[in-house]
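The sequence and the structure come first, and the description follows.

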Amino acid sequence: MALLQTRNLSVTFSTADGPVHAVNDISFNLCRGEILAIVGESGSGKSQTAFAIMGLLARNAHAAGSVRFGGKEILGLHETSMARIRASDIAMIFQNPMTSLNPYKRISSQMTEVLRLHQGLSRREARFQCIEMLKSVNLADAEIRFEQFPHECSGGMRQRIMIAMSLLCRPRILIADEPTTALDVTIQSQIVELLKTIRQVYGTTILLITHDLGLVAGCSDRVMVMYGGRVMETGPTEEIFAAPVHPYTATLLEAVPRLDREVSELPSIPGNPPNMLGPIPEGCPFSPRCQVGDQTCFTRIPEVSRSGQRSWACLKRDKGTGHETVAGN
Ligand SMILES: Nc1ncnc2c1ncn2[C@@H]1O[C@H](COP(=O)(O)OP(=O)(O)OP(=O)(O)O)[C@@H](O)[C@H]1O
Ligand SMILES: [Mg+2]
C-alpha cells in the first residue's frame, strides 16, 4: 500500500474575481521510500497540492477529495491533529529558507525548540542531536553555525539547516518544494545528492516539487507532470524521459531529449499559460497550446489511461497500449 494517497484532490480559492481552480481531480500514490517529483510550469498547482496534503492551505481555499496517510484520511482533519502529523510524520521544506527561518533567533534556539517541544528532550540532549543532524547534512563547521543567526550563513547553508530541522523528528515523508531554486548550480547539485542520501540513510520518502528538469532527471524515481492544475502524465523518470506519452511532456522534453544532457529550467512553449480563474475548462487544459489535439480535446476531459507503471490523460493517445507504441503514434 502507498504511504500517501491522494484521490480526486481539488483545491479551489474564492476570490473577489470568482473561483480559482488551482488543483483539479488529482490522484496519485507516494510509495514508501521513493522520490517522486512533481514537475510543471509556474502556476500549475504543485505547491497547492503540497499545501493541501499538509493542511496548510490559505484561508480562502477549499480542498475536496481525499488524502490518505498510512491508510488514514487526513484531508479536513482538525488543526491540532494536522499539527501533530506535521511535527512527526510529514515535514516540508520551502523554496526560500530565509522566509522559514526566524531572522531574529539563533539557529540553536530554532532547532532545539523543535526537539524540546515535541520530544521533551533536555537542552543538552537536544543540542547534541541538532549538531549531529547538521553534520549529517554535511554543514561545514556545524558547531559554529549552530550558534549563529540565519543571515550569517549562505543560502546553501540555510537550506541545509532547514533540511536538518525538518529531519529532526524523523518524518516518514519529506516534501521539498523547489528546494534549490534560490541556489547556484553547484550548490543545487549538492542539495540533490543530499536528498538522495537522506532517503538512503533514513529511508525517508520524498516528494520533490520542481520546475527544474535536471533535478527531476538526477534525483527522482518517478515523475508526475502537472499542467493547469491537472496531472498530464505519471511514470518512472527514465521511461518518461526516454519516451513521453503526453504531448505536453513531449513538448517539455523536446529541448532536452536525453538524461545525460545538461537540463535545467522548463523550456517555454508557444501560447499562454492557462487562466485558472472562472469555471473549470471543459476539456484538457493543454488543448489551446497542443500540437496534436483537435476539437474534441476542448470539450472532453480525458480519462486516465494506464499501462504498467505509467499513466496519462490524453484523448490522442491510445488507452491500452504500452508507452512505446503510444509514444510513436
Ligand atoms: N490565496 C490564493 N488565492 C487565489 N489564488 C491562489 C492563491 N494561492 C495560489 N493561488 C493560485 O493557485 C494556482 C496554483 O498555484 P501554485 O502555487 O500551486 O503554483 P505552482 O505550480 O507551485 O507554481 P510555482 O512554480 O510558481 O511555485 C495559481 O494560479 C495561483 O495564482
Ligand atoms: Mg510553487
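Which residues are the closest to ligand 1, and how many surround it?

## Ligand shell

The model is predicted: local features need pLDDT of at least 70, side-chain atom pairs count only at pLDDT 80 or more, and totals for chains, interfaces and linings use all residues. Residues are numbered from 1 along each chain as its sequence is written, and chains are lettered from A and ligands numbered from 1 in the order in which they are written.

Ligand 1 is surrounded by 16 residues, and the closest are F13, A22, S42, S47 and Q48. A residue is near a molecule if its C-beta atom, placed from the backbone, lies within 6 Å of it. At least two residues of this shell come from each of β1, β2 and α1, and α1 gives the most, with three residues. Helices (H or I, at least four residues) and strands (E, at least two) are DSSP runs, numbered from the N terminus. The shell divides into five nonpolar, 10 polar and one charged residues. Here Ala, Val, Leu, Ile, Met, Phe, Trp, Tyr, Cys and Pro count as nonpolar, Asp, Glu, Lys and Arg as charged, and the others, Gly among them, as polar.

Four strands form an open sheet in the order β2-β1-β4-β5, with antiparallel pairing; strands pair if DSSP finds at least two bridges between them.

Nine bridges link β1 (residues 4-15) to β2, and L9 has I26 of β2 as its bridge partner. β1 is also joined to β4, by eight bridges, with T12 partnered by H62. Two bridges connect β4 and β5, where F69 stands opposite K72. The hairpin of β4 and β5 has two residues between the strands, and G70 takes a positive phi near 55° there.

## Domains

An automatic or database domain assignment gives domain 1 (32-59 + 78-89 + 172-328) and domain 2 (94-170). Their centres, taken over C-alpha atoms, are separated by 30 Å. Each domain brings 14 residues to the contact, defined by C-beta atoms, placed from the backbone, within 7 Å.

Methods: Contact = placed C-beta atoms within 7 Å.
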